[in-house]
Each structure stands twice: as C-alpha cells, then as structure tokens.
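Hi everyone, thanks for making time.

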Amino acid sequence: MRSASLPRSAALLAVVLTALAGCSGAAGAEGGEPGLGPVAANPATAALSFPLDAYTDSESERGRMGGVQQLLVSRCMARYGFTYEGVKPAPPSVAGTGEDRHRYLFGLADPAYAAAHGYDKSAGEGPRSKPAAPELSDSAHLVMYGERRGAPGGAAPDAKTEEEAADLDSGLTAAGQKVPAGGCVREGYRKLYAPTRDSVDLLFAFGLASEAHERSRQDSRVVDVLAKWSSCMDKSGYSGIATPYEVVEKLGLENEKGGARGVTAARADVACKREVNLVGIWAAVEKAYQERLVEEHAETLALYGKQRQARFRLAASLG
C-alpha cells in the first residue's frame, strides 16, 4: 500500500540528496570522504550492485566451486586407491529465484519480509543441517590430511600454492606414492584457488569489500542517516539502538525473531529505514569507497579477475 506521507518524504529526500551532492567536492578528490554518484530512493537490495561484485562469488558460484573442490579431493584420493565422495555442498538458500546477495548488508530492508517473518532469516527454507563427513580409516586419513591421525596440529608440512607443493616433500607415502603436502584436502584447494606462486589470496576481494563497508560506517553521511534512523526508532518505541545490526540483541529477540515482537520491531525498523532513505544513502557511500579501493588495487584485482575466470574454466572442464 502506498503511504499517504510519500510526497512529503520525497520532498525531504530531494533536500537530502542536494545536501549530499554538496558534500562531495574537494574532500573526496584529496582522499577524504569520496563524492557520491546517484543516490537511489529506497532501492530494493536485490537491485544493488557494487564494483567488487565482479570479483566476489555469488552463493550459487560458491556452491559450484565447493563441488569442484570436492571433486578434486575425490580424484586425489582415488590415486591412492580410496573412494571418497565427500560432503555435498548445501544447495542455495533460495531456489528458483534471483539471488539477493546484499539482502542484509544494511540490516533487514524488505518491508514484505519484515511483515511476514520479522528477523527470521531462515523462514521457509527448511532444515539446512550440514551432513556428517564420511569416516576415514587411518590410512585414508593420512592421505586426506597429509598427517598421521592424532599428530599434533601444524606438525605436517604444507604449502600455500600448488607450485610450492611440487617442491615440498611431505615425508609420507601411501600406495607407493608420495602424499601431497597437506594431503588431498589441501591439494584440492590449491589446484582450484592457488595453483601458481602469483595466486592472489581467495579472500582478497572479500577483504576489500569488508574494508569499504567499515569505512562507509565512519563516513559522516552514513553517521548522519544512522542517527536519523535511530531517532525514528526511538519515536517508534525502540530507544537506545544505534545501528540496524544490534536490533535483535538490544531488544532480546534472539528466541522470537519471527514471533509477534520480532515482526513488530522489524516493521518499525524497515519503515524507519525507508523514512530516512538509509539503504539508498548508505549504498551510494559504500559504492564510492569500493570504487576508490578498486582504483587503488587495480593491478591486483585484474590478476585476481583472470585467476577467477581460470577457476571457472577449470570447473567447466571437470563437468
């Protein structure tokens, strides 16, 4: 239902956008707070996109790569005479729909979901318990992990990349063959994510995205919109909440996220976000910090992007 207060909110939003545009001048150019591009009015999180999305896997891509890694481990185990199927990765949480990878980046933001499920992120998904890993014999354990069962952690040699592993003797043999450093589990990881000495760390792009988010939280424009959201929550009867990330804990909703109290609080939370355009403003600020980091790390990201595409090609070749 369209709110009767929308025209007034739209007028206020226009003032906010003008103020934001005025804050984006020389400071951004000199390394202070970056200037902003377009600021959308209450965008759906599914519509959000950020520069580092091009370098980070979606949930479905992570599931696919997890399956490829398991296949590589299985093939390694087969070289030593062991049949190992591994633990199948869990299916994506929302099947048959477009993935909303930024759904909770700024806390709960979907009014329909808030009204139906409150803060219960697992509503409608069913049980997602992780299946138990297959039991391994002592000899299979040796091949899988590159160490004898019960050995002290960190005692076995390992390598960061597959190139380095080729020059490292694990000191272990099975079926008349050398066991790879770190065993098959590490070999599978290295072949997929770290085949060469110049392999960029798998979490490099994720780390940059996290850094951009932390920087955005300190930005004056986000600090301002958070204060306005907090004031709105206070007027709605929920005082002392500074950020959307602490609502559940501050209100003691851990055991009733989807209950009546959780739904009521979630509806107020999302309504306040929409009143102050929290998602639109924060997303614009975060995008600006990501753009800056992408520019600063352009060379490493270019290499990372090429290696990521090589992983996808490897996945396709394995079927």
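Predicted model: local features only at pLDDT ≥ 70, side-chain atom pairs only at ≥ 80, totals over all residues.

Residues are numbered from 1 along each chain as its sequence is written, and side-chain values use heavy atoms, with hydrogens and water left out.

Let's start inside. A nonpolar core here is a set of buried Ala, Val, Leu, Ile, Met, Phe, Trp, Tyr and Cys residues joined through side-chain atoms within 4.5 Å. Buried means under 20% relative accessible area, exposed over 50%, and partly exposed in between, using a 1.4 Å probe and protein chains only. The largest such core has 40 residues, and F106, Y119, W229 and L278 have the most contacts inside it. Which elements give two or more residues to this core? They are α4, α9 (220-235), α10 (247-250), α11 and α12; helices are DSSP runs of H or I with at least four residues, numbered from the N terminus. Helix α12 provides the largest share, 10 residues. There is also a second, separate core of 14 residues, with V73, L136, L172 and A174 among them.

Now zoom in on F106, which is buried at a relative accessible area of 1%. Contact means heavy atoms within 4.5 Å. Beyond its neighbours within four places in sequence, F106 is in contact with residues including L48, F50, H213, Y245, L278 and W282.

That brings us to the aromatics. Rings of Phe, Tyr and Trp (its six-membered ring) pair if their centres lie within 6.5 Å; planes under 30 degrees apart are stacked, over 60 edge-to-face, and the rest tilted. The whole structure has three aromatic pairs. One of them joins F106 and W282, tilted, at 5.0 Å centre to centre with 35° between the planes. F106 lies in the loop between α3 and α4 (111-117) while W282 is in helix α12, so the pair ties together parts 176 residues apart in sequence. W282 is buried too, at 0% relative accessibility. Y189 and Y193 are also a tilted pair, because their ring centres are 5.1 Å apart and their planes are at 45°. These two tyrosines are four residues apart in helix α7 (residues 183-193), about one helical turn. Y189 is partly exposed at 24%, whereas Y193 is buried at 9%. Finally, F106, Y245 and W282 form one aromatic cluster.

On to α3. The buried residues of α3 are M65, V68, L72, V73, S74, C76 and M77. Their cover includes α5 (138-145), α7 and α13 (298-318). Just after the helix, G81 takes a positive phi of about 90°.

N42 has a positive phi of about 45° and is found in the loop between α2 (26-29) and α3 (59-79). N277 has a positive phi of about 60°, in the loop between α11 (260-276) and α12 (278-296). Are they buried or exposed? N42 is partly exposed at 22%, but N277 is buried at 1%.
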